[in-house]
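Subject: Structure handover

Hello,

Please load it before reading on.

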Amino acid sequence: MRKPDIFDEIIQCLKTGAQTGADTSMDEGILRDLYARPVRKAAVQPKPAGETDAQSVRDIQPVQGPLPAYAPDIPEWESLRTECASCSKCGLGKTRTNMVFADGNPHAELMFIGEGPGADEDASGVPFVGRAGQLLTRMIAAMTFDRATETCIANIVKCRPPGNRNPADDEAAACMPYLKRQIAMVHPKVIVLLGAVPLLYLFNLKGIMRLRGHWLDYEGIPVMPTYHPAFLLRNPPAKKDAWADLQAVMAVFGRKPAPRR
Ligand code: SF4
Ligand code: URA
């Protein structure tokens, strides 16, 4: 029998909400390589005949050398990045190590929006690389998307709120014009909101428990609110609901979970 891979485990985990006990944490070296530079195209290794889409994040290899053409071909994206890097419009600018702009592909059709950088993101300058980020990466793989090339990931605030508190209203208000410009540039087919914070600041809505799984509209873009992966780490049974939400998103793209082999 084939040895179960990380992909089987994600599906199992997300479907049943059960924890399998197996170690799914990614090797730190792989993560560092993968996310060494923002907006870096990753090459998916050629698939053996008959194999379906990316089976796991381990299939994704970082590309060595210069950035691919698509990154510099949005000069507005890079100039916005530069603008944010020297921003001090709110107090978070004083305590940050790195401004965390975005990860993935600014041409992506699928965009994820989280809260704000945590300690690992502040240290690396890349969103969603800590424990919650690793779960997000596995959720994206389970959706049959390639995180680096097929998604764009950003946050409500670009600098870390000290002690991992939620962003304050004035901080979110100061930072959101950047995010709104990013959304306008990416113009994704679907946006997924991760947790209560983006729901509050993009829609002025409270009640992620009630509103998750229900489509919203942001300037003509369909938006699916779901749970934040940090919440899923604390509440594994909620993974079942998150997986239902993500499957609704997959349906928009005509994708189905890869069949178990
Ligand atoms: Fe500027 Fe946003 Fe950082 Fe505040 S959180 S300093 S508004 S980039
Ligand atoms: N949580 C978030 O909301 N965003 C990150 O970038 C990391 C953790």
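Below are the conventions, then the findings.

This is a predicted model, in which local features need pLDDT of at least 70, side-chain atom pairs count only at pLDDT 80 or more, and totals for chains, interfaces and linings use all residues. Residues are numbered from 1 along each chain as its sequence is written, chains are lettered from A and ligands numbered from 1 in the order in which they are written, and side-chain values use heavy atoms, with hydrogens and water left out.

Overall picture

The protein has twelve helices and eight strands. Helices (H or I, at least four residues) and strands (E, at least two) are DSSP runs, numbered from the N terminus. Of its 261 residues, 52% count as buried. Buried means under 20% relative accessible area, exposed over 50%, and partly exposed in between (1.4 Å probe, protein chains only). The accessible surface is about 11900 Å², and carbon and sulfur atoms hold 52% of that. These areas come from the Shrake-Rupley method with a 1.4 Å probe; for residues, only the protein chains shown count as cover. Take contacts (heavy atoms within 4.5 Å) between residues at least 6 apart in sequence: 72% of them join residues at least 24 apart.

Largest pocket

A pocket is an open set of points on a 1 Å grid over the protein atoms alone, with protein on both sides within 12 Å along at least five of seven lines; a cavity is a set where a 1.4 Å probe fits but cannot get out; lining residues have an atom within 4 Å of a point. Grid points are joined across faces, edges and corners, and a volume is the space filled by probe spheres set on the points.

The largest pocket has a volume of about 570 Å³. Its lining counts 29 residues, with E115, G116, A132, H228 and A230 nearest the centre. Two or more lining residues come from each of α5 (119-124), α6 (131-142), α9, α10 and α11 (229-234). α11 gives the most, with four. By class, the lining has 14 nonpolar, nine polar and six charged residues. Here Ala, Val, Leu, Ile, Met, Phe, Trp, Tyr, Cys and Pro count as nonpolar, Asp, Glu, Lys and Arg as charged, and the others, Gly among them, as polar.

α8 (169-186) and α4 (92-95) each supply at least two of the lining residues. α8 gives the most, with four. The lining divides into ten nonpolar, two polar and four charged residues.

α9 (residues 196-203) is mostly covered, with six of its eight residues buried. They are V197, P198, L199, Y201, L202 and F203. These pack against β4 (110-114), α8, β6 (190-194), α10 (208-211), β7 (216-218) and β8 (221-226). Just after α9, N204 takes a positive phi of about 55 degrees.

K206 sits in the loop between α9 and α10. K206 is exposed, because its relative accessible area is 65%. Its C-alpha lies 6.9 Å from that of A196, ten residues apart along the chain. Leaving out residues up to four places away in sequence, K206 touches L200 and L211.

Best regards
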